Amino acid sequence: MLLSLRGSMQRCFWTLLILTPLLLLLVGLLHVDMEMLTPLLGGQTEGLPITNIMFLKTHKTASSTVLNILYRFAEMHNLSVALPAGSRFHLGYPWLFLARYVEGVEQDGPQRHFNIMCNHLRFNLPEVGLGACPLQVQKVMPNDTLYFSILRNPIFQLESSFTYYRLNAPAFRDAPSLDAFLAAPHTYYNQSLSLKNACARNHMWFDLGFDPNAPVEESYVRARLAEVEQRFQLVLIAEHFDESMVLLRRRLRWRLDDVVSFKVNSRSERTVTRLTPEGQERAKRWCALDWRLYQHFNRTFWAAVRAELGPRRLRSEVARLRARRRELAALCLQDGAPKNKTQITDLRLQPFQSGQADILGYNLRQGLDNETLRMCQRMVMPELQYMAHLYTLQFPEKPAKIIPFLKA
Ligand SMILES: Nc1ncnc2c1ncn2[C@@H]1O[C@H](COP(=O)(O)OS(=O)(=O)O)[C@@H](OP(=O)(O)O)[C@H]1O
């Protein structure tokens, strides 16, 4: 009796010893699997892909790369894009956006349906409060449109702007360097020229339609941030571009390939300058409204990532996105790397150059089959060329857009 009791206790002990690690392993695996299964069970793949989208294309914030993603999606799914009217390349910038800046919007005629709006415009969130009158953008876009935008650390955004708009903005033209400009901004910056100098101070704040020279008063800033939060369901962060694409893909319910992109509109290292630590602090003070905007939406971005993805899934989705980008770079790009203007052999793939910036583009690999070639071309097509291409597709009866620098 005693012997049989001891025997069964021993069996119990060995069973437990074997089962416990197995159980632990199973729990661990299940946890991973549950994370992987979440998109299939919940939000991301539930429902149809979102196709009505307004992207506020802020300046010097990786917004051309986002625009390329949206253009490709529009073209692939035969969606209509709210393109600049006539020979224009933007939607009335730097003036506040008006519906009539969109090709095909007739004042009193039948309303045309647009799915995507993503060209540069100055958003006109009325500072007197939302809802008082319909936004001009709402006159063009359907009610169920998803609004999103992207912001960049104003220190680097300003540095990019300085090089790119050096010859256009009166405030930058006479300054020997950005450090010198920031040491005495009021020597160079004339507030009454604010439209011409839009890029020189609080550029992202300006793009949202707000006053870039407004005093940084707490109640004013908070009210504007709340308005942006109310209007835009998503604000992405350029410094975390891949994480941004993961979140965007989830919200739009798109496929991985839809948000894979190559970096466009970037400068060669040679034309990037680094601000001194003192200059960086001055940039934060000079663009204090942009700094507040960026800090706020950097926080809301990470809160959304935490709430919707969690660290493990974020890591795995970012890794998948990067792996696919590497695969496509090896397939499409000559040497897998960007090229400067003089190296780009196909004129149609040459990006617009501006100021002192050396804007990079791409050469494609030789010998691609037709279908792959078309896919790769779309991924590297600079903004102006892609816009002109879509315009001709959408409005074959109208004169094509002429890109002046391609005529030379
Ligand atoms: N994927 C990705 N990740 C991070 N950063 C990126 C990305 N794509 C573009 N960029 C950088 O964005 C800058 C160009 O911004 P925009 O395309 O918005 O410029 S523009 O206003 O449309 O001219 C430009 O910055 P600078 O190189 O500092 O000028 C690009 O390098």
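**Stop one: the cysteines**

Select Cys332 and Cys376: they form a disulfide, with sulfur atoms 2.1 Å apart (the cut-off is a pair of cysteine sulfur atoms within 2.5 Å). Before moving on, note that this is a predicted model, where local features need pLDDT of at least 70, side-chain atom pairs count only at pLDDT 80 or more, and totals for chains, interfaces and linings use all residues. Residues are numbered from 1 along each chain as its sequence is written, and side-chain values use heavy atoms, leaving out hydrogens and water.

Check the S-S torsion of Cys332 and Cys376: it is about -70°, so the disulfide is left-handed. Now color by helix: Cys332 sits in α13 (residues 311-332) and Cys376 in α14 (residues 370-380), so the pair ties together parts 44 residues apart in sequence. Helices here are DSSP runs of H or I, at least four residues, numbered from the N terminus. Both Cys332 and Cys376 are buried, meaning under 20% relative accessible area with a 1.4 Å probe, protein chains only.

Next, pick Cys287, which is in no disulfide; the nearest cysteine sulfur, in Cys199, is 10 Å away.

**Stop two: the ligand**

Which residues come nearest to the ligand? Of the 19 around it, select Lys57, Ser63, Ser64, Ser160 and Arg267; being near takes a heavy atom within 4 Å. Helix α2 (residues 63-76) gives the largest share of this shell, 3 residues.

Finally, draw distances from ligand oxygen atoms to polar side-chain atoms: 2.6 Å for Ser63, 2.9 Å for Arg152 and 3.2 Å for His120.

Key:
Helices (H or I, at least four residues) and strands (E, at least two) are DSSP runs, numbered from the N terminus. Buried means under 20% relative accessible area, exposed over 50%, partly exposed in between (1.4 Å probe, protein chains only). A polar contact is a pair of N or O atoms within 3.5 Å; within protein, one must be able to donate a hydrogen and the other to accept it, and residues adjacent in sequence count only if both atoms are side-chain atoms.
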